[in-house]
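Please look at the sequence and the structure before reading on.

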Amino acid sequence: MIGWSIYFTVLYQQHFLLWLLFSGILGLIIGSFINVVVYRLPIMLEKVWQEEAKFILGVSSSAFLEKTYNLLYPSSHCINCHHAIRWFDNIPLLSWLILRGRCRDCQTKISIRYPLIELLTAIITMIICSFITPSLFLVATLIFSWYLLIAAFIDAEKLLLPDCLTLSFLWLGLFFNLYGGFTSLDDAVKGAIIGYMVLWFVNTLFKFLYKKEGLGHGDFKLLAALGAWLGWHYIINIILLASVSGIIITSVLILFRVKSAKQPIAFGVYLSFAGWLIMICNRTDYWLF
Ligand SMILES: [Zn+2]
């Protein structure tokens, strides 16, 4: 056993509350990073696409687009007054509560989405850390969950599932199962192929009948990734659970006029939810009880 995991196992078995607190803090920090990825990754991609379009059209780049913009740079700042956020105003969840959801400099409202994503990540991290003993499986389950959170939030906001996210998620799943992680490599490879092909076939049929796209190609890749992590046996369960939860939640949103019936559905959100729930329900063999 690797040295560090012994310390965590002692913490888990003998100081469970401290372990939970530790996992909650980790969840808040990761949640804060997830916020950055959810906000910045689509902007970074749009900049790249604009650059590519300009290159193809032979138009010169604007100075604005040439400015460095990535997950780390520029540092966090208010989107209204552009003041850099001080370190003590950047503490996950707490700073938002202390500042009552407003920028310290210009009093512009800061969306409640940020503390909510941090809180959700912390809760999910704590749930996983409370049921799975410290091990490589725990690390893999956490990575799996955090990836799905990023995918779900980007899809919900932008109707976009970036390739850099879905494809790296797929490769990670295959890599983990190369060493007999969640399932055999055989089942994982079949999961990736079947996951992609099923939705591709549904979409092709839809296109043939209605002459328009029914699903985004990111959905195929996300389901392929879920298949690579969980194995081909769960593909049908994921599709069923994602479709049923998607229909119920979309109906409620339409009923309460939050969403119109004409707006497209971010199916990646429901695929992520279904994949996560099915993974959690099927990891009982690594749970302590
Ligand atoms: Zn401000």
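Which domains does the domain assignment of the chain give? It gives domain 1 (1-8 + 15-130) and domain 2 (135-289), with bounds that come from an automatic or database domain assignment. The model is predicted: local features need pLDDT of at least 70, side-chain atom pairs count only at pLDDT 80 or more, and totals for chains, interfaces and linings use all residues. Residues are numbered from 1 along each chain as its sequence is written.

**Contact between the domains**

- The C-alpha centres of domain 1 and domain 2 are 23 Å apart.
- Domain 1 gives 14 residues to the contact and domain 2 gives 13 residues; two residues are in contact if their C-beta atoms, placed from the backbone, lie within 7 Å.
- On the side of domain 1 that touches domain 2, two or more residues come from each of α2 (16-57) and α5 (113-131); helices are DSSP runs (H or I, at least four residues), numbered from the N terminus.
- The largest share of that side, 7 residues, belongs to α2.

**Nonpolar cores**

- A nonpolar core is a set of buried Ala, Val, Leu, Ile, Met, Phe, Trp, Tyr and Cys residues joined through C-beta atoms within 7 Å, where buried means that 20 or more other C-beta atoms lie within 10 Å of the residue's own.
- The largest nonpolar core has 49 residues, and Ile150, Ala151, Leu223, Ile238 and Leu271 have the most contacts inside it.
- Both domain 1 and domain 2 give residues to this core, so it lies between them.
- Another core, of 8 residues, lies apart from it and includes Tyr12, Trp19, Ile124 and Leu138.

Note on methods
Buried ≥ 20, exposed ≤ 12 C-beta atoms within 10 Å, placed from the backbone.
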